[in-house]
Each structure stands twice: as structure tokens, then as C-alpha cells.
Amino acid sequence: MRATLGSQEAIAERISGADWHGIAHDLDSYGNALLTQLLTPAECQALIALYACKDLFRSRVVMERHGFGRGEYQYFSYPLPDLIGDLRQLLYPRLAPLANRWHASMHIDTRFPQQHADFIARCHGAGQLRPTPLMLQYGAGDYNCLHQDLYGEHVFPLQVAILLSQPGQDFSGGEFVMTEQRPRMQSRAEVVPLTRGDAVIFAVHNRPLQGQRGAYRVNLRHGVSRIRSGTRHTLGVIFHDAQ
Ligand SMILES: O=C(O)CCC(=O)C(=O)O
Ligand SMILES: [Fe+2]
């Protein structure tokens, strides 16, 4: 599995080569940023194949049953497949300084350690023991309602979703969408254009927005518009664990 799923070194190199200044700028300006071509088509394909391996997952959610939309997803069990553990561990340190800066701007006291293992120890110490990385699977007519992935008191304010299917080839429709609700103002929407292997990094629930009298908090949600045809798979990397 290691061969098809790519080495940690290759993933680390792609992450190092990304434009992190540009990503920070986009996250500060829009609450989301693209990290293009994080995974190769072969890695995307290998990840999609994992969806059928029931033993890798701790639970399966049929979205319609909960009013979450239509489609399904599965949460991975520990130990995570290598590639997914590597992504979580390698992306986190790039985002922790930004998360700390956001918290400072929003006057939230919590600060995040530099290493993911230390943050996970904090989650586990508070009873948030269950892994949150997940794979989502949508067919024609499916969609994901606007939501926030909060699973307990401890929340890392950024998360990552990686599109594993090719738009225009594997599926049509199914755009990644975000809304941003500003206090006493109308909501703003963003559609994030993704191709297979691209990651979107985005705010989990709040971000600071610079106003005339300092920064204030805005409330964000994400979801997926209706899949018009075909099948769409995504890998979700959430950095906090769940209660
Ligand atoms: O399928 C998507 O693009 C959205 C997935 C999602 O909601 C998540 O990763 O938290
Ligand atoms: Fe989500």
C-alpha cells in the first residue's frame, strides 16, 4: 500500500514547495485557500479504493438519516492509513502559526502547539479520543449541507479537504461552497474551484475579519452543491479528534 500511496518524503516535498505566503494571504482574506496538486492521480485512486475496506473505518454516516444532506461518509479508525496520518502530521505545523495569529486577533486565549502529536494529546486528555479524518462519497443528486465540523471543546480552527475525483470526468456539479456570515450583515458565498488532487484549506467555524475598529469574528460554514452526475469522493483532514 505504501508504494501506491506515495512516500512521506514525496508528500513532505509537495507541502514544502507550496506557496505558504499566498495561502496565508488567502486564508486571511477569504477564509479559504487552495493547495493545488497535493496528491497525484494514482494516490487519489488508491485512496478512493480504501472506501470499500470496511475494517479501516470506525463508523459510517448516511447523511440523509441525520438531515446532513445526501450521500455518505466514513470516519477512519486509528491507526490511520500512513498517507492520511502523514498529511495530518505534515500540514498541521504549517497552519498552527496562522491558527495562533487568528486566535490572538479574535481575543481567544487558546494557543496551539507546533506539533500535531502535542495537540492530539490535549484532545485525548479532554476525552476527545476518536479520529476525525474521513472519506466522503457522493452520487448523482447528493449534496452536503452547509455545516461546521465541531466535535468537542477542543477545535483547531483550520481544516483541509482534498478532492479525489476528477470534475468533468468522474462527476459534474458538486462544487465545494463556503458561506461567511458577518455580524448584522448579509452572508457572502464562495465557490472553491477544485480539480482532482487539489486541497482546500479552510476555516472550521470562525475567522477574524479586519474592520475599521479592529478585528471581529465572522462565522463560516462549508458544504457541497448537488452532484449533477457521476461519483465524487473527498478526503477530509480535521485536526482535532472527536468526543
Ligand atoms: O466533500 C467535500 O468537498 C466536503 C467535505 C467536508 O465536509 C469535510 O471534509 O469536512
Ligand atoms: Fe465538513
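Ligand 1 is surrounded by L136, N144, D149, A161, F176, H222, V224, T234 and G236, where a residue counts as near if its C-beta atom, placed from the backbone, lies within 6 Å. This is a predicted model, in which local features need pLDDT of at least 70 and side-chain atom pairs pLDDT 80 or more, while totals for chains, interfaces and linings use all residues. Residues are numbered from 1 along each chain as its sequence is written, and chains are lettered from A and ligands numbered from 1 in the order of writing.

At least two residues of the shell come from strand 13 (214-224), and at least two from strand 15 (232-237); strands are DSSP runs of E with at least two residues, helices runs of H or I with at least four, numbered from the N terminus. By class, the shell around ligand 1 holds four nonpolar, four polar and one charged residue.

Helix 1 and helix 5 have axes that come within 10 Å and cross at roughly 25°. The two helices are therefore roughly parallel to each other, a term for angles under 35 degrees. Their crossing is right-handed.

| Helix | Range | Residues in the contact |
|---|---|---|
| Helix 1 | residues 8-17 | Q8, I11, A12, I15 |
| Helix 5 | residues 82-105 | D86, L87, L90, L91, R94 |

Contact here requires C-beta atoms, placed from the backbone, within 7 Å.

The protein comprises six helices and 15 strands. Its radius of gyration, taken over C-alpha atoms, is 17 Å, close to the 18 Å that the globule rule gives for 243 residues, so the protein is as compact as a globular protein of that length. The rule is 2.2 Å times the number of residues to the power 0.38.

How values were computed. Ala, Val, Leu, Ile, Met, Phe, Trp, Tyr, Cys and Pro count as nonpolar, Asp, Glu, Lys and Arg as charged, and the others, Gly among them, as polar. Axes are lines fitted to C-alpha atoms, for helices over the stretch in contact, and angles run from 0 to 180 degrees between N-to-C directions. Angles under 35 degrees count as roughly parallel, over 145 as roughly antiparallel, 65 to 115 as roughly perpendicular and the rest as oblique. A crossing is left-handed if the near helix is turned anticlockwise from the far one by less than a right angle, and right-handed if clockwise. Two residues are in contact if their C-beta atoms, placed from the backbone, lie within 7 Å.
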